[in-house]
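Let's take a walk through this model together, with the sequence and the coordinates open beside the text.

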Amino acid sequence: MAFGVKKARVERAVAVLAAAFVFTLFAILAPSHGLVQEAEREALVTSQLAEKVAFVDLATWKVTAEIAVPGKPAGIALSPDRRRAYVTAPEAKQLVVIDTQERAVIKRIAIGNGPLGVAVHPGDGRIFVADWYDHRLAVVDPQSLTVTAHVTVGESPSGVAVTPDGRLVLTADRDSHQVSFIDAASLRVIKAVPVGERPFGVTIDAAGKRAYTANVKSNDVSVIDIELGKTLAAVKVGRRPYAVALASGRAFVTDQYVETVSVIDLKDLKVIKKISVGAYPEGIVADKAGRFIYVACWEENTLERIDARTLAVTGSVTVPDGPRSFGAFLR
Amino acid sequence: MLRSLTFGLLLMPLVMLSAAHAHGPTRQKVMETVEIDLPAEKVWAAIGDFQNLNWHPVIDKTEGKGGNEPGAKRKLTLTGGANIFEELLKYDADSRLMKYIITEVDVKVLPVNNYSSILRVEDLGGVKSRVIWKGAFYRGYMNNDPPEDLNDAAAVKAVKGVYRGGLDELKKKLEAAG
């Protein structure tokens, strides 16, 4: 009997602990991650030649706002709560912080000589900015909005991505033909993985198992096993691939020169379709549900939507001149 | 364009060494058009062969291989003797469109990098058509703080000059011939 009482007590204690744990978990996650669970409603388009960021409503498929961002905006990432957008302005040599609800620039942060790709840590919100000319990654603190550290990587880093568990930051070092693996906690480069020629965009899958680079010069996509820190394969795509989006077991790759999005089946690593889109497709991203892919077409001045099931273009909207949206641009 | 060529020749040697390094400046866009009082088919017949850019006043000679198939190559010889090497990426006779890139050019000849272009003839109905020539490219100097003759403005000006010169001459020639 004594044993039974003890057991019941232990069970009660466990239940209380579990409840407390779940509650704490909610308390921690709700403010920062609550919004992330909702479907994206907007696309933020960096229009480089117009020097604007345009907001596109994904339901009405209309441009609802445009804000001026001098300095030829290119790269983009959002804070974990999606309340801020971080946009690189390479010619102004700045990271521009935008309040996505107020639709206003709240700060411009000087970043070396060539800020380009940008990504945000999913847990602590730190902003990682690739500096093309200074060959390093700038780390920006989201509270103080100041640069707190630099990590030297390979030559001309362009794309940046963070693993979903927040453990690693990856940079596509274009002129070193490699991807640098950086420990997000210690900010040390722990590995440099050779990929195809001139990698530009780098994208990590939701499981954090594989990374994909679009290699501008070798016209292929490198498939990297993150755990092994090794390139497993290269898949030929269209001319001058720029970036990669991932949805439902497929990779969608923007082929800048041939105006297509190459669709790769990730199981057998074969291109199963080339979808015609507007001229100079560049930034590409999938929504969280993996239902639609959004592509910024730089020369066509459009944002286009691809149905991930039918692989057809189902929407297009004209945006200000020179849309790039290099990064994660849905909120 | 020719003026900018000579100008470029004088200033170029100093910057050539570092220009090959990397890109990073902003890609530029140029579009020039001309309306011609002739049916689109007729205009396309005059300019739609990738292996013949001799309709352009500054082109002396076009030599190449591969016809009008994607992957075809051509070597252009300019009136001054300089060369531009190009490759056809896309060819669509039905939409009267070709897309090609420059694979090799000295920035002294044309101050651009990573240049791609679309040439297209649009049917405006009846006996009217529009030729659209579009280019996307980076400036001649690929690092920060370019010299004046290799900056964005210089690249845009040079490409505009090439397009304008070609299109105006084309209109004149074709309309005169009827």
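This is a predicted model: local features need pLDDT of at least 70, side-chain atom pairs count only at pLDDT 80 or more; totals for chains, interfaces and linings use all residues.

Among the contacts in chain B with a separation of 6 or more, 55% are between residues 24 or more positions apart. The accessible surface of this chain is about 8000 Å², and carbon and sulfur atoms hold 54% of that surface.

The size of an interface is often given as the accessible area lost when the parts come together. For chain A and chain B, that buried area is about 2200 Å², with 42% of it on carbon and sulfur atoms. On the side of chain A, the residues that lose the most area to chain B are A:Y133, A:Y257 and A:E299, which together make up 29% of what that side buries. The contact draws on 27 residues from chain A and 27 residues from chain B.

What kinds of interaction link the two chains? There are 13 residue pairs in polar contact between chain A and chain B, counting pairs with both residues at pLDDT 80 or more. Sorted by class, the side of chain A that touches chain B has 13 charged residues, along with seven polar and seven nonpolar ones. Five salt bridges are counted between chain A and chain B. One of the pairs to look up is A:E282 with B:R27, whose side chains meet in a salt bridge at 2.5 Å, N to O.

Another pair worth a visit is B:K90 with A:E259, a salt bridge in which the closest N and O atoms are 2.7 Å apart. Why does this pair join two chains? B:K90 lies in strand β4 (residues 83–92) of chain B, while A:E259 sits in the loop between β21 (250–255) and β22 (260–265) of chain A, so the bridge runs from one chain to the other.

A search of the whole structure finds 32 of them over all chains. In chain B, you can pick out a network of salt bridges that links B:E35, B:D37, B:E122, B:K128 and B:R130.

A:R174 and A:D175 form a salt bridge at 3.2 Å, N to O. Are these two residues buried or exposed? A:D175 has a relative accessible area of 14%, under the 20% cut-off, so this residue counts as buried. A:R174 is buried too, at 6%. In the other pair, A:R41 forms a salt bridge with A:E38, and the closest N and O atoms are 3.0 Å apart. Here A:R41 counts as exposed, because its relative accessibility of 52% is over 50%.

Technical notes:
Residues are numbered from 1 along each chain as its sequence is written. Chains are lettered from A and ligands numbered from 1 in the order in which they are written. Side-chain values use heavy atoms; hydrogens and water are left out. A salt bridge is a side-chain nitrogen of Lys or Arg within 4 Å of a carboxyl oxygen of Asp or Glu. Buried means under 20% relative accessible area, exposed over 50%, partly exposed in between (1.4 Å probe, protein chains only). Helices (H or I, at least four residues) and strands (E, at least two) are DSSP runs, numbered from the N terminus. Contact means heavy atoms within 4.5 Å. Buried area is the accessible area (1.4 Å probe) that two parts lose on being put together, summed over both. A polar contact is a pair of N or O atoms within 3.5 Å; within protein, one must be able to donate a hydrogen and the other to accept it, and residues adjacent in sequence count only if both atoms are side-chain atoms. Ala, Val, Leu, Ile, Met, Phe, Trp, Tyr, Cys and Pro count as nonpolar, Asp, Glu, Lys and Arg as charged, and the others, Gly among them, as polar. Accessible areas come from the Shrake-Rupley method with a 1.4 Å probe; for residues, only the protein chains shown count as cover.
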